[in-house]
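Please keep the sequence and the structure in view while reading.

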Amino acid sequence: MSVLSQPHFHNEAAAYAYVEARVWPQGPICPHCGGVERIGLMGGKSTRIGAYKCYQCRKPFTVKVGTIFEASHVPLRLWLQAMFLMASSKKGVSANQLHRTLGVTLKTAWFMAHRIRKAMESDDANPFGMGGATVEVDETFIGTDPGAPAPKKGKPRGIKQMQKVVSLVERETGRARSVVIDNYSLSDITLVVEANLHREANLLTDESRMYTVVGKTFASHNTVNHSKGEYVNRQDKAIHTNTIEGYFSIFKRGMRGVYQHAAKRHLHRYLAEFDFRYSYRIALGVNDVQRADMMLAGVTGKRLTYQTARGAI
């Protein structure tokens with residue numbers, strides 16, 4: 001039987017039960033007062049599906065309150081379909097594809113996708129490289145940065161005119177973390193590396209001088225010289241940045257082939273999407289269903305309004 005044949009993808013009551021079991025594993029929690037006692041399921045023919053009442057603060061609620069689903073008129077079963085599609089598609093799903101598949105408007109599909117990306121944002125602020133783990137760090141460039149100075153007359157667009165991203169991949173765990181930076185400068189890159197790497201980390205980069213000084217503050221710093229055609233160190237085969245280059249290839253194929261364009265103010269959410277899928281990929285033992293459930297576990301406390309989604313940086 002197909003995964004998409006499961007009841008929670010087609011029946012609204014089953015969808016609520018499925019989400020409740022993952023958002024409230026220990027039972028209902030009132031989002032208004034935080035109470036867990038004296039909560040009852042509301043009855044009656046006119047009562048909406050999944051409505052509870054807290055008899056401590058006397059307020060009704062559903063599992064959607066305080067999550068990315070709050071105030072949405074889209075049926076919860078369609079939300080679950082969209083989340084599974086985004087969790088199981090290695091390079092993402094465009095808003096146009098969601099619009100056609102789910103039967104919602106393009107505007108709704110676009111907003112749903114950004115809310116789901118919000119759920120994918122990691123709450124783990126722990127630095128990479130703890131315990132002497134190996135971390136590859138590199139930067140990549142994509143699209144056009146609207147705030148960057150125009151190239152000199154007669155000169156083609158360069159990396160200064162593009163959106164700039166610094167990414168880290170920890171080899172031992174397979175986790176990825178990406179940050180949008182405003183300037184391709186020593187200070188910006190140093191700030192990202194110092195904020196996201198533990199001093200015990202073994203740092204691996206290319207030959208860029210951006211990492212020369214900051215690299216001295218970690219347990220070790222080894223490089224490969226891509227400009228000279230060196231992609232794996234000849235003496236030590238473990239010294240390379242091929243892992244993070246593989247991450248960038250997935251990210252860029254998704255951004256260019258599926259999404260095609262992302263404004264800079266939205267790029268951090270697209271990066272959260274690709275970081276999430278990469279950090280919980282099948283090679284690490286996480287299948288599509290488990291990945292979608294992990295996504296569901298991150299929906300709480302991450303409201304995103306349409307106005308904020310359009311104007312956020």
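Glu12 belongs to helix α1, which covers residues 12–23; helices (H or I, at least four residues) and strands (E, at least two) are DSSP runs, numbered from the N terminus. The model is a predicted one, in which local features need pLDDT of at least 70 and side-chain atom pairs count only at pLDDT 80 or more, while totals for chains, interfaces and linings use all residues. Residues are numbered from 1 along each chain as its sequence is written, and side-chain values use heavy atoms, with hydrogens and water left out.

With a relative accessible area of 16%, Glu12 is buried; the term buried applies under 20%, exposed over 50%, and partly exposed in between, for a 1.4 Å probe and protein chains only. Apart from neighbours within four places in sequence, Glu12 is in contact with Ile49, Pro75, Leu76 and Arg77, where contact means heavy atoms within 4.5 Å. With Arg77, the side chain of Glu12 makes a polar contact, side chain to side chain, at 3.0 Å. Such a contact is a pair of N or O atoms within 3.5 Å; within protein, one must be able to donate a hydrogen and the other to accept it, and residues adjacent in sequence count only if both atoms are side-chain atoms.

The cysteines come next. The structure has zero disulfides, a disulfide being a pair of cysteine sulfur atoms within 2.5 Å. For Cys33, the closest cysteine sulfur is that of Cys54, at 3.7 Å, which is too far for a bond. Cys33 is partly exposed, at 39% relative accessibility. The sulfur of Cys57 has its closest cysteine sulfur in Cys30, 3.6 Å away and again too far for a bond.

An open sheet of five strands has the order β6-β5-β4-β7-β8, with mixed pairing; two strands pair if DSSP finds at least two bridges between them. At its edges are β6 (176–181) and β8 (220–223), each pairing on one side only. Strands β4 (residues 134–142) and β5 (residues 163–170) are paired in the antiparallel sense over eight bridges, and Glu139 stands opposite Val166 in β5.

Helix α6 (residues 242–259) lies across β4, β5 and β6, and runs at about 30° to β4. Angles run from 0 to 180 degrees between N-to-C directions, with axes fitted as lines to C-alpha atoms, for helices over the stretch in contact. Helix α7 lies across β5 and β6, at about 170° to β6. Of the 16 residues of α7, 13 are buried, so this helix is largely enclosed by the rest of the structure.
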